Amino acid sequence: MCYAPGTLIETPHGSRAVETLHPGDLVLTADHGAQPILWTRSRYQSLDEGEDEGKPVLIQARALGSGLPEQDLVVSPQHRILVGGGGQLTDYFKTEVFAPAKSLTKLPGIRHMKGKRGVNWVHFACARHEVVLANGCQSESLLLGPMVMDGLGFLERQNLIDIFGAAKTPCAAPNGPPARECLTVGTVRRQLKGQAKMAYHRRARNIQKWDEDAAMERHEAEMLHAAEPVGEARKRRMM
């Protein structure tokens, strides 16, 4: 769950590039106001090999709706984007939830960067999992779940336990719980497919209604014409 360098994170003092943030710096959050960063990490990932699903995800400016993000946003495939709130994909989601970026790649303006050869990812974590602003859109700070912890070396894991404390259960995160419900890739894709199907049927019903209205108007015009006296019809044509 990472950002590419250059991503602008909102702070009490304005937007800052994510790679310039350090422990102790404050970021603005949706739920708890200004919160200090407790941990940051940067790592390079080679992308020469691997499937496209593992490539960075580009969310183009305005792809989420309501003019968001304000500029192109590049995140890791599993990075979560808030949807259903803040004007972000509210046509598809009616409540605020987190969706993995790679689950949204069937939507216009969101895609895997298949030609990318490498990227330097930047993470930052707060005392809690937070909703933050990245390039103007609502996204997440790092949730230190089992997948994240398992990807770290022993010393880094111990350092995080010293900072955040140990997770309460093997499946929990030291800085959990999640700020919003976190949907799986499969759940998001099924919901998007269902919404697209519903939209198709709505359009089909609207077209059918328009056709029926047009047919009724033609029928009424024909009835009026048939009921009109011959002399009156001749006069109207001569006018």
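Biologist: Is S139 buried or exposed, and why?

Modeller: This is a predicted model. A residue counts as buried when its relative accessible area is under 20%. S139 has 0% relative accessibility, so S139 counts as buried.

Biologist: Where does S139 sit in the secondary structure?

Modeller: S139 belongs to strand β12, which spans residues 137-140. The chain has 12 strands and 4 helices.

Biologist: Which residues does S139 touch?

Modeller: A contact needs heavy atoms within 4.5 Å. Leave out residues up to four places away in sequence, and S139 touches Y3, H79, R80, I81, L82, F98, E130, V131, V132 and A134.

Biologist: What does the side chain of S139 reach?

Modeller: For a polar contact, look for a pair of N or O atoms within 3.5 Å. Here the S139 side chain reaches the backbone oxygen of R80 at 3.2 Å.

Biologist: Take strands β7 and β8. In which sense do they pair, and over how many bridges?

Modeller: β7 covers residues 80-83, and its pairing with β8 is antiparallel, over 4 bridges. Within that pairing, V83 stands opposite V97 of β8.

Biologist: Which residues of β8 are buried on each side?

Modeller: Strand β8 runs over residues 97-100. V97 and A99 are buried on one side, F98 and P100 on the other, and both faces are covered. F98 is also one of the residues that S139 touches.

Biologist: And the whole chain? What percentage of residues count as buried?

Modeller: Of 239 residues, 39% count as buried. Among contacts with a separation of 6 or more, 61% join residues 24 or more positions apart.

Notes:
Residues numbered from 1 in each chain as written. Predicted model: local features only at pLDDT ≥ 70, side-chain atom pairs only at ≥ 80, totals over all residues. Heavy atoms only, no water. Helix = DSSP H or I, 4+ residues; strand = E, 2+ residues; numbered from the N terminus. Buried < 20%, exposed > 50% of the residue type's maximum accessible area, 1.4 Å probe, protein only. Polar contact = N/O pair within 3.5 Å; in protein donor to acceptor, adjacent residues only side chain to side chain. Pairing = 2+ DSSP bridges.
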